[in-house]
Amino acid sequence: MHLFKIVAAASALASGTEAAVKQLPKPASCSGVANFRYQYKLESGWSAMKIAGGLKQVRTIVWDTEGNMLVSQNTRGISVHTFGDNGCINSTTMLISGNQINHGLSITPDGKTLYASSETTLWSWAYDPLTRKISNQKTIVRGMSTGIHSSRTVAVVPQQPNLVLLQVGSNSNFDMASQQPGTGRAIIKIFDASKAPSNGFNYNTEGEVYGYGLRNEIGFTADPNGVFWGVENSGDDFARTENGQRRDIHIDNPAEKLNNLGDPLTVRNAWYGYPTCFSVWNPANFPNSNLKTGSHFVVSPNSSYNDATCNGRAVPPRLTFQAHSAPIANTFDSDAKNMYVTFHGSWNRQPATGFKVVQIPFTKLANGTYEPVAPADSMTGYKDIFSAPNPGSCTANGLTMSNCFRLTAAAWDPAGRGLFVGSDNSAEGEIYVLTPN
């Protein structure tokens, strides 16, 4: 058997499951599940419980049409979990085993096709949610570049499920070659899986460019209109050189991004700025400028390429997050009044930040589109709902973590129990349920 990884829009809304799922209670506890491995704090009005433990580096959670939970476990495989009437897990089996699986999961709205990828290849399978079995493996895309970002997020387009979005991050902090889409890095491409040749599409030379200049758009999810929203991990160790002076700005800049990626049925070749344009989090690091939170800037402005160049050319973020928060997954709640984002946590900031789940209030405008409530230059457009009590004491290095959870998966439960959140701490993979009271 091949070794696989699966990636997807992280909620039932995003995956568009069509069948009605039986509603289940949120249990107070589940037999055989140990206590939270790490301490946490909650926003008032929320409760939390641990529903699964003993897993291996949970990365992504999605739901099939029968309400079964599919979980990608880094280097272990894809597990499928069924639930009893008490809301607890009553069976767990490995759907796919393989040590190349390292990020996520995607499933079509009818629940019949599953997508998974390694760092270099995307496959599909026929999936039966009643028997929880796969068959008919096909290669859809091959030839993705390897680099420092090994996750390959894939999501089915809900309004046209033969189309899949497939992402590759940069291969370095400043991957200058990626400003050309043909490199197939720092990009999201669109492929029509129904037309894949027998050996799969070549990622770099085939498919269509949805958006590029995206350093590592590791999470994206669709709103009810089918418009995708992505969260982007920006760069590390930044200094700004201006008028011959070099200033370290890395503690609070560049910002992480929430990007409106648009409707994949119509948007093509949108450029979001990387590797030359980055977003401001703290404007205090840019004296004598008119830059605001969310504005684009360049590291070394000059007369021919400067901040104004970026702000005139690159698609701006719709909202930004504290630098080095490392957003991993995003999902909407059932009525899209809020988006939830998991922050994996920083290694390049002192004190550390991240290690939490945040809530971004959204609103439906008169024209029917969905937007964050906060303006684009806000530093308060989101709030913590679940977090490490002292994130400044947390440590992070890749997937290894010694003293705090590292939050990854985010999936709103179609059975009504709340927001399922994963942690990929190498000591123990865990899944929690967060419920608004």
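Cys394 is buried in this predicted model, at 5% relative accessibility. Cys394 and Cys404 form a disulfide. The torsion about their S-S bond is about -85°, so the link is left-handed. Both cysteines lie in the loop between β29 (383-387) and β30 (407-412), so the bond ties together parts that are 10 residues apart in sequence.

The count comes to 3 disulfides. With bonded cysteines counted along the chain, the pattern is 1-2, 3-4, 5-6.

| Disulfide | Sulfur atoms apart |
|---|---|
| Cys30 and Cys88 | 2.0 Å |
| Cys277 and Cys310 | 2.0 Å |
| Cys394 and Cys404 | 2.0 Å |

Next, the pair Cys277 and Cys310. The torsion about its S-S bond is about -80°, so this disulfide is left-handed. Cys277 lies in the loop between β21 (270-271) and β22 (278-279), while Cys310 sits in helix α2 (residues 307-313), so the pair ties together parts 33 residues apart in sequence. Cys277 counts as buried at 1% relative accessibility. Cys310 is buried at 0%.

Cys30 and Cys88 are both buried. Their link is left-handed, with -90° about the S-S bond. Cys30 lies in the loop between α1 (12-15) and β1 (41-42), and Cys88 in the loop between β5 and β6, so parts 58 residues apart in sequence are tied together.

Strands β5 and β6 also belong to an open sheet of 4 strands, ordered β3-β4-β5-β6 with antiparallel pairing. β3 (58-63) and β6 (89-97) stand at the edges with a single partner strand each, so one side of each lacks a neighbour in the sheet. Neighbouring strands are turned by 25° against each other on average, direction ignored. Strand β5 (residues 77-83) is joined to β6 by 7 bridges. Ile78 stands opposite Ile96 in β6.

How values were computed. Residues numbered from 1 in each chain as written. Predicted model: local features only at pLDDT ≥ 70, side-chain atom pairs only at ≥ 80, totals over all residues. Heavy atoms only, no water. Pairing = 2+ DSSP bridges. Helix = DSSP H or I, 4+ residues; strand = E, 2+ residues; numbered from the N terminus. Axes fitted to C-alpha atoms, helices over the stretch in contact; angles between N-to-C directions. Disulfide = S-S within 2.5 Å. Buried < 20%, exposed > 50% of the residue type's maximum accessible area, 1.4 Å probe, protein only.
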